[in-house]
Amino acid sequence: GFRTGLLANSWLDDGPGRSLAAALRERLRRRFDLLLESCRLGMAKPDPGIYRHALEALRARPQEV
């Protein structure tokens, strides 16, 4: 089969609505094989590094996506 990944330009939120954001992330995590958040990687789209990281994590080559 297919493996799926989600790349998100997101930030860590310490505000009062953070439980809603955490719940959304948890739901997304269950739907995708990989969830990459820019705030946790220290890089954001369109930085090529985030795409390389995703390819490595999914064990895929660029021509396969």
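## Pockets

A pocket is an open set of grid points with protein on both sides within 12 Å along at least five of seven lines, and its lining residues have an atom within 4 Å of a point. This model is predicted, and its largest pocket is lined by 16 residues. Arg 3, Leu 55, Leu 58, Ala 60 and Val 65 are the lining residues nearest the centre of the largest pocket. Strand 1 (5-8), strand 2 and helix 3 each give two or more residues to this lining. Helix 3 gives the most, with four residues. By class, the lining of the largest pocket has 11 nonpolar, two polar and three charged residues. The volume of the largest pocket is about 270 Å³.

The second largest pocket holds about 190 Å³ of space. Its lining has 11 residues, and those nearest the centre are Ser 10, Ala 21, Leu 24, Arg 25 and Glu 37. Two or more residues of this lining come from each of strand 1, helix 1 and strand 2. The largest share, four residues, belongs to helix 1. Seven residues of the lining of the second largest pocket are nonpolar, one is polar and three are charged.

## Nonpolar core

The largest nonpolar core has six residues: Leu 7, Leu 34, Leu 36, Ile 50, Ala 54 and Leu 58. Strand 2 (34-37) and helix 3 are the elements that give two or more residues to this core. Helix 3 gives the most, with three residues.

Leu 34 is one of the core residues. Leaving aside neighbours within four places in sequence, Leu 34 is in contact with Thr 4, Gly 5, Leu 6, Ala 54, Ala 57 and Leu 58.

## Backbone details

Lys 45 and Pro 46 are joined by a cis peptide bond, with an omega of about 15°. Pro 46 sits in the loop between helix 2 (38-41) and helix 3 (48-58). Pro 46 counts as exposed because its relative accessible area is 70%, and the cut-off for exposed is over 50%. Asn 9 is 37 residues away from Pro 46 in sequence, while the two are 9.4 Å apart in space, C-alpha to C-alpha.

Arg 59 is in the segment after helix 3. Arg 59 is not a glycine, yet it has a positive phi of about 55°. With a relative accessible area of 69%, Arg 59 is also exposed.

## Confidence

The mean pLDDT of the chain is 85, and 91% of the residues score at least 70. Confidence is lowest in helix 1 (residues 18-31), with a mean of 83, and highest in helix 3, at 92.

Definitions and conventions:
Residues are numbered from 1 along each chain as its sequence is written. This is a predicted model: local features need pLDDT of at least 70, side-chain atom pairs count only at pLDDT 80 or more; totals for chains, interfaces and linings use all residues. Side-chain values use heavy atoms; hydrogens and water are left out. Buried means under 20% relative accessible area, exposed over 50%, partly exposed in between (1.4 Å probe, protein chains only). A nonpolar core is a set of buried Ala, Val, Leu, Ile, Met, Phe, Trp, Tyr and Cys residues joined through side-chain atoms within 4.5 Å. Contact means heavy atoms within 4.5 Å. pLDDT is the predictor's confidence in each residue, from 0 to 100. On a 1 Å grid over the protein atoms alone, a cavity is a set of points where a 1.4 Å probe fits but cannot get out, and a pocket is an open set with protein on both sides within 12 Å along at least five of seven lines; lining residues have an atom within 4 Å of a point. Grid points are joined across faces, edges and corners, and a volume is the space filled by probe spheres set on the points. Ala, Val, Leu, Ile, Met, Phe, Trp, Tyr, Cys and Pro count as nonpolar, Asp, Glu, Lys and Arg as charged, and the others, Gly among them, as polar.
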